[in-house]
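Visitor: Please pick one part and take me through it closely. Then show me how it sits in the rest.

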Protein chains: 2
Amino acid sequence: MTGLLTDLYELTMAAGYFEAGMASQKATFELSIRRLPRQRNFIIAAGLAQCVEYLLNLRFTAEEIDYLRGLPQFARVSGAFFDYLRDFRFTGDLFAVPEGTPLFAGEPMLTVRAPLIQAQIPEPALLSAITFQSLIASKAARMVAAGRGRGVLEFGTRRAHTPEAGVLGGRAAYIGGCIGTSNALTGMRYGVPVFGTAAHSWVLSFPSELESFRQLQKLLGPQTVQLIDTYDTLQGARRAAELGPPLWGVRLDSGDVVTLARQVRSILDQAGFQQAKIMASGDLDEYRIHEIVAAGAPIDVFGVGTELATSADAPSMSTVYKLVEVDICGIKRFIAKFSEHKESLPGAKQLFRLPDRDVLARSAECRSGAEALLRPVILEGKLLEPLPDAHAARARALECVNRLSPELRSLEVVDPYPLEYSKELQTLIEQTAKNRT
Amino acid sequence: MTGLLTDLYELTMAAGYFEAGMASQKATFELSIRRLPRQRNFIIAAGLAQCVEYLLNLRFTAEEIDYLRGLPQFARVSGAFFDYLRDFRFTGDLFAVPEGTPLFAGEPMLTVRAPLIQAQIPEPALLSAITFQSLIASKAARMVAAGRGRGVLEFGTRRAHTPEAGVLGGRAAYIGGCIGTSNALTGMRYGVPVFGTAAHSWVLSFPSELESFRQLQKLLGPQTVQLIDTYDTLQGARRAAELGPPLWGVRLDSGDVVTLARQVRSILDQAGFQQAKIMASGDLDEYRIHEIVAAGAPIDVFGVGTELATSADAPSMSTVYKLVEVDICGIKRFIAKFSEHKESLPGAKQLFRLPDRDVLARSAECRSGAEALLRPVILEGKLLEPLPDAHAARARALECVNRLSPELRSLEVVDPYPLEYSKELQTLIEQTAKNRT
C-alpha cells in the first residue's frame, strides 16, 4: 500500500514534525460525521475493512522516497526523515464503529491514536475509504426500504468513479442491504452474491431474439433471465414463455414498467410460469422504486445502477478527521476548534448507543445497558482479531436499521436522532474552551 | 489487470458466445455520450490512458477462473472456455478521441473493434474509467474558466470515491486546466505538479500559532504558505508578516473570503509582502469562484475539494457502450437500437471537427479541412505509439476550450454545439432502420 496515496501537506507536515522532534508525540485524531448528507436520516458505516488494510500495509517504496526528495517542498529536510519513511510502519491504535452500524450527525466513526506522523498521513485515505462506502451503503438501505421486501441488486460499476470504486461500491451496497451485485470481482474478493445474465448486445448479436433466448437458456439453465425489451417487451415475454422451462425470470429495462410488468406477469402466468420472476432495471432510485411498489406492480427484483453507484443525490458527505488530543511527555493537551460551523470537540471519545438515544462520552467512560460503538480494531499496529465479513456487516445493518423508528427509515427527512453529550465530555468542552488562546 | 473487474453478465455472455462458436466473430462497440451531464455545455475527454492500460493488461488469473467455475451461472460451460480465459489477451483495435478534447452530446469517445468476447468484457471498466475522468476534467474546466486566469488547485482526494479515484481525479483535474493537485501519488505517477503545505492540525499541534508558523517557514523556506484562519484570520496574517521572509503566501479556509482577502492583502502589502500570494479554499465551486472574482477579491489561487473531486452537481454522465457492427465470415451486419431516448446509431464511425460544427460520419469517410478525432491507439492488441502525457492533454484542452465560443465557455447552459450526420451515415441509418425485424 503506497505511502504517497495522500495529500502532499500530510507529508510536509510529517517532515516538519520530524524535524521539530515531535515524531514520537502521541496524537489522537477522530474521524466523524459533521453533517449528514442531504436527504439522509442516518448513514450506515462501511469501509472499515479497507481502512484496516490500508493502515496495516502502509509503506513507502524507494521510488516514492526518491520522488519526495526531488520536490522543492522537501529541499530543507534532513536525510534522517527519509530513513524514517523507509522504515515506516503504522504502530498505533484504531478504534472504530463496526461496519453495518447506522450513525448520525456529530458522531465519530473512527479514532486513530498513534505517533503524530503516523496518525497524520492516513487522513485522506481513511476519509475517502470510509466516506465513499458509507454513502453507498446508506443509499442502498434507502432503496431496500423502498422495495419493501423485494430484492435490490447493485448494477452500477460502469457509473462508479473508477472501476475500483465499482468493486468497493458493490461491497458497500451489499452491506446496505442489497441482495448482491453485478460486479464479478466484488463477488470473488468479498464473497458477495453475484448476478448477471445478458445485455442487449447479446440479443442483438444473434440473427433473431428467439435464437438469442434459446442460446441463453442452453447456457444458463435454471439461472436464465431473459432480457425482453430489445425489440418489443410483450413479444419478448411471449417468446421467453414459448421456449418452455427452465426460466428463472425476465428483465425489463425500458418503458412504463408498472404497466409492462402486469402484462408480462399475465403472459408468464398463462404459460404456466407462475414461479418465474420479473426484474426491472433502468434509471431507478428509491423514489421510483417506492412509486412502482405503491402502484402494485408485480416486480420481484430491482436492478439499480447510476443512482446507487454514485450516491447521485448526495455524492459526498461532510466527514472530518480532526486532531482532538496530543500527549507530550505524558501530559495530555486537548484540542478543539470553535469556529462557527466547523467546530470540533476535544479529547478521545466513546459513542454509546441506548435504546432511544446516543450518548457521546469521553473514551474512558463506562455505561451499563448501552452498546459502546467505538471498539478496538488495531492495537499497537496489530489487528486484534479478523473483522466481521461483508455478510456479517450486512446482517448487522439489517438488524440495526429495523430497530430504528419508522420515521427514520422513511425516505423523507425527519428530526435528527437524539445525541447527548455526557457530563464528563461537557466538562472537558468547557475547560478546553476556557483555556484556548 | 484483473479480468474479473467487470459485470458478471459480460462473462456469462462471453461463455455463451464461446459455446455458440462466435468467439472469433469480429464486433465493433462504440462508447459514446448519450446526453451531456446537466449544467455542462461540453465535456473534456480524459481517462484514455487508463483504458489503454486496462486493455493491454487484461488477464484472468487461475484464482479468477476457479471462482467462475464454481458459480452456478457457469455450471453448463465447457472446460474449453476456461482454457480460453487462461490464455486471454486483447488482440483488437482501439480508436479514441485524444485526451483533452472537448466533446458534445451524441459524440463517440472510443471505438473498440475486436473478437466479440474481447470487445464485450471491457464494457464496465472502459465506461467507468473514461466517464469518471471526463466528468472531473469537465468540472475543472468550468472552475478554471470562472477563475479568469487565477490558478485553480485540486484538493479533493479525501472526498473522492475511494483513494484511487482521488489519484485519477487529480490527473483529470489537471487535464481540465487546474495548475496542480494535492495528491502526492498523482504527482509521482503522472508528473502533475503537487502543492500542499500544512493543515489546521499542524497549527494546533504547536503551543502557539506563531511557533507553528516559524516551524513551517524553517521547513519550507520560499515554498511557505501559512494557513492563517485557525484562530483569527487577520491576526494570523499579521503574525505571518511579522516573521518576515521567506513567504510564498497565505491560505484562507473559512469566513467571508472577499472581505478577508482585502484585509489580508492590505496587511501583507503594508509589511512589504506585495509578492506574497493569497490562496482561498473551503466549499468552493465554479459559481462561488465566479462571485469572488466578480467582487474583485485579491485572491491568486483557489483550492477546490469536494465539488471538483466528485463532480458534485453532476456525479454521473449518460455514456453508453453499444454494439454497432458485427462481422460474420466477412459479411458486415450493422446494429442499431431505435428505442425512444435509448437509440444508438449503426456502424463504426468517425467524428470530424470543423471550425463551426462537428460531423459524425462513417469510419472510412475522408474529409479535408477537418480534424478526424477518432484516432487509432491500439491495433491488433499493440499500442501504436505512446499516448500524449497529462501535460500534453492539458495543453490540448486549454487550446481547444479557448477556441470554443464564449457562450459555450460560460457557466450557463446554452444551445448545443451543432452536430451533423454525414450523408453516408444518414443512408446507413435509414437502411438499418428499414432492415430491422
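Guide: Start at B:V359, which stands opposite B:E420 in β19(B). The two strands involved are β15 (residues 358-362) of chain B and β19(B). They run parallel and are joined by three bridges. Strands here are DSSP runs of E with at least two residues, helices are runs of H or I with at least four, and both are numbered from the N terminus. Two strands count as paired if DSSP finds at least two bridges between them.

A word on the source. Residues are numbered from 1 along each chain as its sequence is written, while chains are lettered from A and ligands numbered from 1 in the order in which they are written. This is a predicted model, in which local features need pLDDT of at least 70 and side-chain atom pairs count only at pLDDT 80 or more, while totals for chains, interfaces and linings use all residues.

Now widen the view to the sheet. In chain B, four strands form an open sheet in the order β16-β14-β15-β19, with mixed pairing. The edges belong to β16 (371-372) and β19 (419-421) of chain B. Each has a single partner strand, so one side of each is left without a neighbour in the sheet. In a regular strand, side chains alternate between the two faces of the sheet.

Chain A shows the pairing in more detail. There, A:V359 stands opposite A:E420 in β19(A). β15(A) pairs with strand β19 (residues 419-421) of chain A in the parallel sense, over three bridges. Strand β14 (residues 349-353) of chain A runs antiparallel to strand β15 (residues 358-362) of chain A, with five bridges between them. A:F352 stands opposite A:V359 in β15(A). β14(A) and β15(A) make a hairpin, with four residues between them.

What packs against this region? Look at A:E107. A:E107 lies in the loop between β4 (102-103) and β5 (108-115) of chain A. Leaving out residues up to four places away in sequence, A:E107 touches A:S32, A:I33, A:L351, A:D358, A:L360 and A:L419. Contact means that the C-beta atoms of two residues, placed from the backbone, lie within 7 Å. A:E107 and A:D358 are 251 residues apart along the chain, yet their C-alpha atoms are separated by 8.9 Å. A:E107 counts as buried because 24 C-beta neighbours lie inside 10 Å. The cut-offs: buried means 20 or more other C-beta atoms within 10 Å of the residue's own, exposed means 12 or fewer, and partly exposed lies in between, with C-beta atoms placed from the backbone.

Of the 437 residues of chain A, 56% count as buried. Chain A has 17 helices and 19 strands. Its C-alpha atoms fill a box of roughly 80 × 50 × 35 Å along the principal axes.

Helix α6 (residues 123-147) of chain B has 25 residues. From first C-alpha to last it reaches 36 Å, close to the 36 Å expected at 1.5 Å a residue. That expected span is 1.5 Å times one less than the number of residues. Of the 25 residues of α6(B), 24 are buried. B:R148 follows α6(B), with a positive phi near 45 degrees. B:N402 belongs to helix α15 (residues 390-403) of chain B. B:N402 is exposed, with 8 other C-beta atoms within 10 Å.

Next, the two chains together. Their contact takes 78 residues from chain B and 78 residues from chain A. On the chain B side, helix α1 (residues 8-19) gives the most, with eight residues. That side divides into 40 nonpolar, 28 polar and 10 charged residues. The same surface serves both copies, as 100% of the contact residues of chain B recur in chain A.

Last, confidence. Chain A averages a pLDDT of 96, and 99% of its residues score at least 70. pLDDT is the predictor's confidence in each residue, from 0 to 100. For the complex, the predictor gives an ipTM of 0.97 and a pTM of 0.97.

Conventions. Nonpolar A, V, L, I, M, F, W, Y, C, P; charged D, E, K, R; others polar.
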